[in-house]
Amino acid sequence: MKHFLFLFFFLNCTVTVFSQKEKTAIPPFKIRLTNGEGFTYQQVDKNKPLVLIYFSPSCDHCKAFTEALLKQKKKWAGKQIVMISYVHIKEVQAFDKQYHLSEHPNIKIGSEGQTFVVQQYYQIQHFPFVGVFDKNGKLVKIISDKLPPEKMVAQI
């Protein structure tokens with residue numbers, strides 16, 4: 001029994017350490033953009049920092065965050081933004097149309113569908129999730145969703 005408990009504890013710690021280590025890189029996402037094209041983590045511009053936003057089109061905090069983001073364009077002028085949702089692409093298209101997001105050349109918006117790769121990668125439970133990566137693809141920070149939208153954008 002002692003050996004079983006030790007083995008269980010060891011494996012659990014190993015999985016935890018391994019999981020935490022992998023969370024410093026851009027998640028291996030594959031999304032369908034609102035224009036119908038595919039886009040993956042491998043296509044992210046390697047010369048610019050990345051702001052990855054995981055959101056839901058029906059989330060009021062996500063809507064307020066998006067409005068604040070669009071008001072503070074100088075904060076993200078030199079960065080690329082990838083907005084990912086898990087909902088059907090038609091809902092993401094309606095969100096895009098409402099905020100004119102894909103009109104900005106440095107914003108990509110789409111759905112990962114029911115794969116939940118990004119959601120599971122970071123164990124996302126609240127929206128919006130905002131991760132900021134340097135141009136080498138390393139996670140710099142995760143911005144707390146508990147902040148008011150304007151303060152979240154200010155940290156980008």
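This is a predicted model: local features need pLDDT of at least 70, side-chain atom pairs count only at pLDDT 80 or more; totals for chains, interfaces and linings use all residues.
View 1. Strand S3, which covers residues 50–54, pairs with S4 in the parallel sense, and five bridges join the two strands. Further along, Ile53 stands opposite Met83, which also belongs to S4. Between S3 and S4 the chain passes through helix H2, residues 60–71, and this β-α-β crossover is right-handed.

**View 2. Strand S4 and the directions of its side chains.** Strand S4 runs over residues 80–85 and is mostly covered, with six of its six residues buried. Gln80, Val82 and Ile84 point one way from the strand, whereas Ile81, Met83 and Ser85 point the other way, and all of these residues are buried.

**View 3. Strand S4 beside strand S5.** S4 pairs with strand S5, residues 107–111, in the parallel sense over five bridges. Within this pairing, Ile81 has Ile107 of S5 as its bridge partner. Helix H3, made of residues 89–99, forms a right-handed β-α-β unit together with S4 and S5.

View 4. Seven strands form an open sheet with mixed pairing, and their order is S2-S1-S5-S4-S3-S6-S7. Strand S2 (38–40) and strand S7 (139–143) stand at the edges, where each has a single partner strand, so one side of each is left without a neighbour in the sheet. On average, and with direction ignored, neighbouring strands of this sheet are turned by 30 degrees against each other. Helix H3 packs on the sheet and touches strand S1 (30–33) as well as S4 and S5, while the direction of H3 makes about 150 degrees with that of S5.

View 5. Are Cys59 and Cys62 buried or exposed? A residue is called buried when its relative accessible area is under 20%. Cys59 has a relative accessibility of 14% and therefore counts as buried, and Cys62, at 1% relative accessibility, counts as buried too. How many disulfides does a search of the whole structure find? A disulfide is a covalent bond between the sulfur atoms of two cysteines. The search, which takes in the whole structure, finds zero disulfides.

Technical notes:
Residues are numbered from 1 along each chain as its sequence is written. Side-chain values use heavy atoms; hydrogens and water are left out. Buried means under 20% relative accessible area, exposed over 50%, partly exposed in between (1.4 Å probe, protein chains only). Helices (H or I, at least four residues) and strands (E, at least two) are DSSP runs, numbered from the N terminus. Two strands pair if DSSP finds at least two bridges between them. A crossover is right-handed if, with the strands pointing away from the viewer, the path from the first strand over the helix to the second runs clockwise. Axes are lines fitted to C-alpha atoms, for helices over the stretch in contact, and angles run from 0 to 180 degrees between N-to-C directions. Contact means heavy atoms within 4.5 Å. A disulfide is a pair of cysteine sulfur atoms within 2.5 Å.
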